[in-house]
Amino acid sequence: MNNYKIEISYDGSNFHGFQKQKNIRTVEFAIQNSLNKILNSYKLLYAGRTDAGVHAKSQVLSLKTCELLDQSFFVSLNSLLSDDIKIKKMKKVNQSFNPRYDAKSRVYKYFVEEKRNSEPYFRDYRHVINSHLDIDKLNSLSKIFLGKNNFTNFSKLRKDQEPIREISKSKWSRMNNSFIYTIEGNSFLHSMVRSIVGCQLAALDGKIYKKQLIDALKTPKESRFNYVAPAKGLYLWKIKY
């Protein structure tokens, strides 16, 4: 059995997330639909799911097959995929490689722009807001998410899912007109990054207090925070091994 590590990128605008679902266009479905045309049998694994509308600069897959594949195979696969998905790199790896369980950390970036400085061609790839952004206040808020915390109030938990996650980086930066939030952690829960961003922006607007966020990370409340940033501003940026 041969195992290939594949790095892809995709525009999530026209996909209902990564994971395959019945009668819905997803990234995984699109890749498998193309693979079915050129491979007889295979097993496809991936590093993690992304929600509907979320983009990926770098998502990692593994493709296991009895067939020996060369570069021309991946050129063919790229040609079969839609313009929304691109294979960036591929290499043969050990059979034991698992893109999900071997990952040491995942990096996400979220892009926000003030409406007064926003360009119209970014409207599907940035979260554009009416209020003024203060990067110093945002970074004061971002620090509270560092370390091990309980993210029950910042995610859509599945039944009996472990809510503790460890965050090693949580920081805002600015590049031209974009305010960029970077977060790195061992793993993430459903809607977790978008909830963290949404809550920081809500705190900046005075809709919620910093202390409420701090308290919720230590002692979760009965219901999750109802501040979730839209998917279009979120990018799976890098997976570290």
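Student: Which residue lies over the face of Trp237?
Tutor: Lys109 does, at 5.6 Å from the ring centre. A charge sits over a ring if NZ of Lys or CZ of Arg is within 6 Å of the ring centre and within 35 degrees of the ring normal. Before going on: this is a predicted model, in which local features need pLDDT of at least 70 and side-chain atom pairs count only at pLDDT 80 or more, while totals for chains, interfaces and linings use all residues. Residues are numbered from 1 along each chain as its sequence is written, and side-chain values use heavy atoms, with hydrogens and water left out.

Student: OK. What sits over the ring of Phe122?
Tutor: The charged end of Arg126, 4.1 Å from the centre of that ring.

Student: Back to Lys109. Which side chain does it join in a polar contact of 2.8 Å?
Tutor: That of Thr182. A polar contact is a pair of N or O atoms within 3.5 Å; within protein, one must be able to donate a hydrogen and the other to accept it, and residues adjacent in sequence count only if both atoms are side-chain atoms.

Student: Where is Thr182, and is it buried or exposed?
Tutor: Thr182 is in strand β9, and it is buried, at a relative accessible area of 5%. Buried means under 20% relative accessible area, exposed over 50% and partly exposed in between, with a 1.4 Å probe and protein chains only. Strands (E, at least two residues) and helices (H or I, at least four) are DSSP runs, numbered from the N terminus.

Student: What about Tyr181?
Tutor: Tyr181 is also in β9, which covers residues 178–185. Tyr181 counts as buried because its relative accessibility is 0%, under the 20% limit. Its side chain has a polar contact of 2.6 Å with that of Ser170.

Student: What else does Tyr181 touch?
Tutor: Not counting residues up to four places away in sequence, its contacts (heavy atoms within 4.5 Å) include Tyr108, Lys109, Tyr110, Trp172 and Ile196.

Student: How far is Tyr181 from Gln161?
Tutor: They are 20 residues apart along the chain, and their C-alpha atoms are separated by 26 Å.

Student: Now strands. How do β5 and β10 pair?
Tutor: In the antiparallel sense, over 6 bridges. Two strands pair if DSSP finds at least two bridges between them. Tyr110 has Leu234 in β10 as its bridge partner.

Student: Which strand runs parallel to β10?
Tutor: Strand β3 (residues 55–65), joined to β10 (residues 234–240) by 2 bridges. Ala56 stands opposite Leu236 in β10.

Student: What is there to say about Glu114?
Tutor: Glu114 is in β5, residues 105–114. With a relative accessible area of 2%, Glu114 is buried. A polar contact of 3.1 Å joins its side chain to that of Arg116. Beyond neighbours within four places in sequence, Glu114 is in contact with residues including His132, Leu133 and Phe179.

Student: Different topic. How many aromatic pairs are there?
Tutor: A search of the whole structure finds 14. One of them is Tyr10 with Phe18, a tilted pair at 6.0 Å centre to centre and 35° between the planes. Rings of Phe, Tyr and Trp (its six-membered ring) pair if their centres lie within 6.5 Å; planes under 30 degrees apart count as stacked, over 60 as edge-to-face and the rest as tilted.

Student: Are Tyr10 and Phe18 buried or exposed?
Tutor: Both are buried. Phe73 and Phe74 form an edge-to-face pair, 5.0 Å centre to centre with 85° between the planes. Phe73 is buried at 10% relative accessible area, and Phe74 is buried at 2%.

Student: Which rings form a cluster?
Tutor: Ring pairs link Phe145, Phe151, Phe154 and Phe225 into one.

Student: Where else does Phe154 come up?
Tutor: In the largest nonpolar core, which has 64 residues; Phe154 is among those with the most contacts inside it, and so are Ile8 and Leu213. Helix α4 (residues 192–204) gives the largest share of this core, 8 residues. Such a core is a set of buried Ala, Val, Leu, Ile, Met, Phe, Trp, Tyr and Cys residues joined through side-chain atoms within 4.5 Å.

Student: And how many residues of helix α1 are buried?
Tutor: 7 of its 9, so α1 (residues 27–35) is mostly covered. The buried ones include Val27, Ala30 and Ile31. They pack against β1 (2–10), β2 (43–46), β3, α2 (71–80) and β4 (85–93).
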